[in-house]
Amino acid sequence: MKASPSPGHHRPLRIDAHHHLWDPAARPHEWLAGEEMTPIRRRFTEADLRAATTSAAVGRTVLVQVLPDLDETAEFLTLAAGSPLIAGVVGWVDLTAPDVADVLAGLRSGPGGRFLAGVRHLVQDEPDPRWLVRPDVLAGLRAVRDAGLVYDLLTLPHQLPVALEAVRAVPDLLFVLDHLSKPDVAGGSWRPWADRIGALAKQPNVVAKLSGLVTQGDWATWTVDDLRPYADVALGAFGPGRLMVGSDWPVCLLAADYACVFATAEELLSDCTADEAAQVFGGTASRVYGLG
């Protein structure tokens with residue numbers, strides 16, 4: 001049985017540490033091709049986001065890049081500047097370029113530049129298994145560090161050993177692991193994912209997002225119990241002070257609505273104290289992304 005929100009239960013305002021917005025008519029989103037993506041192959045706006053967040057007592061959000069496109073990042077920053085909800089943006093820059101520092105400075109000096117909180121690249125799509133530790137990429141990561149930003153790691157489980165190398169290579173850059181590196185919940189795959197998560201969590205410059213799990217399960221039949229072992233590994237490895245909840249909306253709509261994602265997170269974290277839950281549902285994201 002999927003979780004549902006408790007009616008009438010008062011909760012403090014939360015931070016959604018990971019969501020997206022897009023408009024397939026504005027620029028191509030090749031990843032949205034295929035019949036299975038039909039439910040989310042449409043425009044999702046900040047107004048749609050505001051309507052969704054009210055169902056989960058979310059008061060601030062972190063908007064994360066979708067495409068490797070500087071124009072998208074600039075648009076997201078402008079959008080954040082005019083939004084009472086979006087408190088930070090994780091954008092994209094070409095980490096292999098020699099002018100990463102200048103590009104970041106340009107974004108920062110443009111409209112909404114103060115909302116730039118981090119950078120992400122779609123490492124999961126890179127054919128080079130060692131992309132993250134290429135010399136040019138490591139130089140780009142150091143530029144992200146020097147700009148006072150964090151770096152969101154979007155990897156698959158088999159990429160975690162190289163991610164660990166990158167984390168060790170730039171120890172004074174804070175890395176944020178998205179979606180727990182997408183474990184195979186639907187297949188029930190456990191190891192070596194859990195061991196690799198444990199190794200990554202031993203590095204003090206890594207935090208993680210409890211996000212994206214509903215779409216790693218079977219979209220039609222997943223249950224909270226399917227997700228619980230993966231959430232338990234993350235909580236045990238990182239602790240509440242290094243873990244944050246994100247909706248991964250609108251991607252999550254393939255498997256669950258916005259309220260259901262947060263209600264599920266409540267169930268997965270039900271053994272936490274009130275102070276621990278406050279960290280995972282807002283405190284960690286606020287501190288890591290400098291949301292004030």
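These legends describe close-up views of one predicted model.

**View 1. Confidence along the predicted chain.**
The model is a prediction, and its confidence is given as pLDDT. Averaged over the chain, pLDDT is 95. A score of at least 70 is reached by 96% of the residues. Residues 1-9 are another matter: their pLDDT stays under 50. For this stretch the model has 15 contacts beyond four places in sequence.

**View 2. The largest cavity.**
How many cavities of 30 Å³ or more are counted? The count comes to two. The largest cavity holds about 120 Å³ of space. Its lining is made up of 13 residues. Closest to the centre are L210, S211, L213, G246 and V261. Helix α8, which covers residues 258-268, supplies four lining residues, the largest share. By class, the lining of the largest cavity has eight nonpolar residues and five polar ones. No charged residue takes part in this lining.

**View 3. The second largest cavity.**
This cavity has a volume of about 40 Å³. Its lining consists of V123, D128, P129, W131, L132, Q159, V162 and A163. Six of the lining residues are nonpolar. One is polar and one is charged.

**View 4. The largest pocket.**
The largest pocket contains about 470 Å³ of space. A set of 21 residues lines the pocket. Which of them are the closest to its centre? They are W31, M37, Q124, K182 and V251. The lining of this pocket divides into 10 nonpolar, seven polar and four charged residues.

T215 sits in the loop between β7 (206-210) and α7 (224-238). Is T215 buried or exposed? T215 counts as buried, because its relative accessible area is 13%, and the cut-off for buried is under 20%. Leaving aside residues up to four places away in sequence, T215 touches D248, V251, C252, L254 and A255. Among these partners, V251 also belongs to the residues closest to the centre of the largest pocket.

**View 5. G241 and its contacts.**
G241 lies in the loop between α7 and β8 (243-245). Its relative accessible area is 27%, so G241 is partly exposed. Along the chain, G241 and E276 are 35 residues apart. Contacts of G241, not counting residues up to four places away in sequence, are with Q279, T284 and R287.

**View 6. Cysteines without a disulfide.**
How many disulfides does the model have? The count comes to zero. A disulfide needs the two sulfur atoms within 2.5 Å. C272 is in no disulfide either. For C272, the nearest cysteine sulfur is again that of C260, and it is 19 Å away. C252 is buried, because its relative accessibility is 1%. C272 is buried as well, because its relative accessibility is 15%. C252 is also one of the residues that T215 touches.

Conventions:
Residues numbered from 1 in each chain as written. Predicted model: local features only at pLDDT ≥ 70, side-chain atom pairs only at ≥ 80, totals over all residues. Heavy atoms only, no water. pLDDT = per-residue confidence, 0-100. Contact = heavy atoms within 4.5 Å. 1 Å grid on protein atoms, 1.4 Å probe; cavity = no way out; pocket = protein on both sides within 12 Å on 5 of 7 lines; lining within 4 Å. Points joined across faces, edges and corners; volume = space filled by probe spheres on them. Helix = DSSP H or I, 4+ residues; strand = E, 2+ residues; numbered from the N terminus. Nonpolar A, V, L, I, M, F, W, Y, C, P; charged D, E, K, R; others polar. Buried < 20%, exposed > 50% of the residue type's maximum accessible area, 1.4 Å probe, protein only.
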